Structure formats: C-alpha cells, structure tokens
2 protein chains.
Amino acid sequence: MTDSASPSRRDEAATPIERCGMARAAELLGDRWTLLIVREALYGVTRFEAIRADLDIPRTVLSKRLRHLVDVGVLKKRSYREPGQRAREQYVLTTMGVELALPMIALMHWGEKHILRGEAGSAIVERGSDAPLHAGLVTNDGRPVGLANATFRPMTPKAAA
Amino acid sequence: MTDSASPSRRDEAATPIERCGMARAAELLGDRWTLLIVREALYGVTRFEAIRADLDIPRTVLSKRLRHLVDVGVLKKRSYREPGQRAREQYVLTTMGVELALPMIALMHWGEKHILRGEAGSAIVERGSDAPLHAGLVTNDGRPVGLANATFRPMTPKAAA
DNA sequence: CAGTATCCCAAGCGATACTG
DNA sequence: CAGTATCGCTTGGGATACTG
C-alpha cells in the first residue's frame, strides 16, 4: 500500500482482469490481424503464402502472428507432402482454434448487422429482404458448414482458388 | 495501378476486408480497453469515475475510448439527476451495444475454457466439476440475466457496490 | 514457397497536471 | 465528479532486403 487515504485505489483482493475470460481472450486475439488469420484457417487457407496474399499482410507481421497463435495453442504447424511434391508447411486449427468459430460468427453477425448494413454499396444491403442475415461457415468449395446462409467466405477470389 | 506485373497484387474486384463484418467489428472494438468498457456497461457500471476506478484505466484513455464508443454508436451519453443531487453523466448501451452481449459471452466462455482453465489458482478450476462452465450475465444485485451459471461479473467489489 | 533480419514510423498507452 | 491538454515512451505495423 503506497497511499493510505485514496478512496479510489483498488482492493487488492479484487478479482483482476486476468481472471476474466473475455479480457484474456481479447488480450490474445486483439490486434489488427490475428482474428483475420484465424478466419483464414477456418475456411481452409492454411499455407503461409496463401494467407499472406489473401489478407495482403506483410510477411514479417504474418510470421510473428503465426508464431504467436502457435504459442498460445490456437494453431499448430504441420508438414505435409503431396505425392511427387516437396514438403510444405501448413497451419491448422487446434480444437481450441476451431472453437473460436462460435465467438467469431457471433461477432461477424454483429458486425454485419450493425456496421455493414447502412453502408452504401454493402453486399448485405444488396442481398435484399428475402435473404436473412444469419451467419455461417462454408468450405472452400461452397458447401455450408454448420449454420445456414453462409456469409463467412473468403474475401478474395484468390482464397477460394 | 502502380506496378504492372506483380502477381501478388490484390484483385481490385475482390471483396476486401471492409466487407467482412468480423473484420469491421474487430476494427471497432479491438484494442486493449474497449471490450472491457462495454463489459462494464453491460453490468451497469456507467459513470466515468466508476468505470475508471473499476478498470484502473487512465482518465485520458477512458475519455478517448468513451468518445469513440459513442461515435460508433455502441454507447450513448446521457445526463440524469437524482432528486436533490446535481446533474451527472452516464454512458449507456444502445441497442447496438446491448447486442454485443452475445459475441462477448461467447468469447468469454472460450477464454474461460481455453485460457483460464489450466492456470494455477484459477477461479474456474477451483469451482469444481459440479459447476458447469456456461456463461451468463448478472445484474448488479446478483440476479441472473439470460443464461444460467453467471460468470460475467464485476471484477472488483467496488463495481458491485 | 516459407520464412528471417533490420530498421523506421505511427499509434496507442499512460503519467502528470489542469479546468469546470 | 467528469473530464481535457501535453508529452514521453513503448509497441506494433510495415517496407525492404535477404536466406534455405
């Protein structure tokens, strides 16, 4: 205790931010790129160069973020080899990572509803009133995963290729 | 077009990050404090000084974040007056803000499951196996809101007072 | 293709001090 | 109580260039 009389000092017995799951999650994922990288992984973009090209993220930043995601256990690095090809690397979601789909879809839905709608030229707006706004996942070949009305798609044609 | 032949340049027709609801949400909320401030609002801590003391956030930062949250429409500022008192200010959630509860609870649940569990001394761990880990909201006087097993609580005793 | 090494810049954070 | 003004510092982002 450094100050004796200040009424606004924190009680030392209080549960601090470190015990809040949301605060901790935000700490892990809360920067400009991390969530986007997880999103790539969720629809199957797992190679370094593919992610880089898709998001248009600097190599050095992607490198750092990937290492971080592996460190915290959201992604794991994996070598694979297609017949007749040389070895390649990929970053795949762990169980921990896959389970981020729920919060991310919820967040995406929120963003679509409250940010994208009302913006001029928004794809959401153009979809018209007969297309409900529920979020969902699609695989790279377009099949829906989980929920209906998939809007959780690659941002660029490149990503789907 | 500044460069003619680079194969890694983005296709201009591609759907960019600006069209992804999640990316946009992350852009709006993705810093060290914003989500925590929304969390405070969700359980009813709405006055400047209360939030500041609860989160232990610098005044200048809180000021900036609150203005930002008002600007984007998550909070709205409101003056109120209790009988015999002078006017006070508070920041209350808009509909847009209230609807952040779902993504936030999902994220909190994820954080509790994958980050807090396994940490020494975690309240989650100490809770024991008979207490399931579903997330939920409580009002300031402890009544559950929405889901069962509320863990979305004030971090400090002060916040509940 | 899959990265790493360097270096620079901008933004965010936070301490201090002040106003109504 | 509810903020704003200033300023220094740290962190992260990004350009460039290089390696296996």
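Modeller: This is a predicted model. In chain A, confidence is highest in α4(A), at 96, and lowest in helix α8 (residues 157-160), at a mean of 38.

Biologist: What is the mean pLDDT of chain A?

Modeller: Over residues 125-161 of chain A the pLDDT is below 50, although this stretch has 69 contacts in the model beyond near neighbours in sequence. Across chain A, 63% of residues reach 70 or more, and the mean pLDDT is 73.

Biologist: How many contacts beyond four places in sequence does the model have for residues 1-13 of chain A?

Modeller: In chain A, the pLDDT of residues 1-13 stays under 50. For these residues, the number of contacts beyond four places in sequence is seven.

Biologist: How are α6(A) and α6(B) oriented to each other, roughly parallel or roughly antiparallel?

Modeller: Helix α6 (residues 101-116) of chain A packs against helix α6 (residues 101-116) of chain B with the axes 8 Å apart and an angle of about 165 degrees. Angles over 145 degrees count as roughly antiparallel. The orientation of α6(A) to α6(B) is therefore roughly antiparallel.

Biologist: Which class of residue makes up the contact of α6(A) with α6(B)?

Modeller: From α6(A), the residues A:Leu102, A:Pro103, A:Ala106, A:Leu107 and A:Trp110 meet B:Leu102, B:Pro103, B:Ala106, B:Leu107 and B:Trp110 of α6(B). By class, this contact has no polar and no charged residues, and 10 that are nonpolar.

Biologist: Within chain B, are α2(B) and α3(B) oblique or roughly perpendicular to each other?

Modeller: The axes of helix α2 (residues 34-42) and helix α3 (residues 48-55) of chain B come within 11 Å and cross at roughly 120 degrees. Roughly perpendicular covers 65 to 115 degrees. The two helices, α2(B) and α3(B), are therefore oblique.

Biologist: How many charged residues has the contact of α2(B) with α3(B)?

Modeller: In this contact, B:Leu36, B:Ile37 and B:Glu40 of α2(B) meet B:Ile51, B:Asp54 and B:Leu55 of α3(B). By class there are four nonpolar residues and no polar ones, and the number of charged residues is two.

Key. Residues are numbered from 1 along each chain as its sequence is written. Chains are lettered from A and ligands numbered from 1 in the order in which they are written. This is a predicted model: local features need pLDDT of at least 70, side-chain atom pairs count only at pLDDT 80 or more; totals for chains, interfaces and linings use all residues. Axes are lines fitted to C-alpha atoms, for helices over the stretch in contact, and angles run from 0 to 180 degrees between N-to-C directions. Helices (H or I, at least four residues) and strands (E, at least two) are DSSP runs, numbered from the N terminus. Angles under 35 degrees count as roughly parallel, over 145 as roughly antiparallel, 65 to 115 as roughly perpendicular and the rest as oblique. Two residues are in contact if their C-beta atoms, placed from the backbone, lie within 7 Å. Ala, Val, Leu, Ile, Met, Phe, Trp, Tyr, Cys and Pro count as nonpolar, Asp, Glu, Lys and Arg as charged, and the others, Gly among them, as polar. pLDDT is the predictor's confidence in each residue, from 0 to 100.
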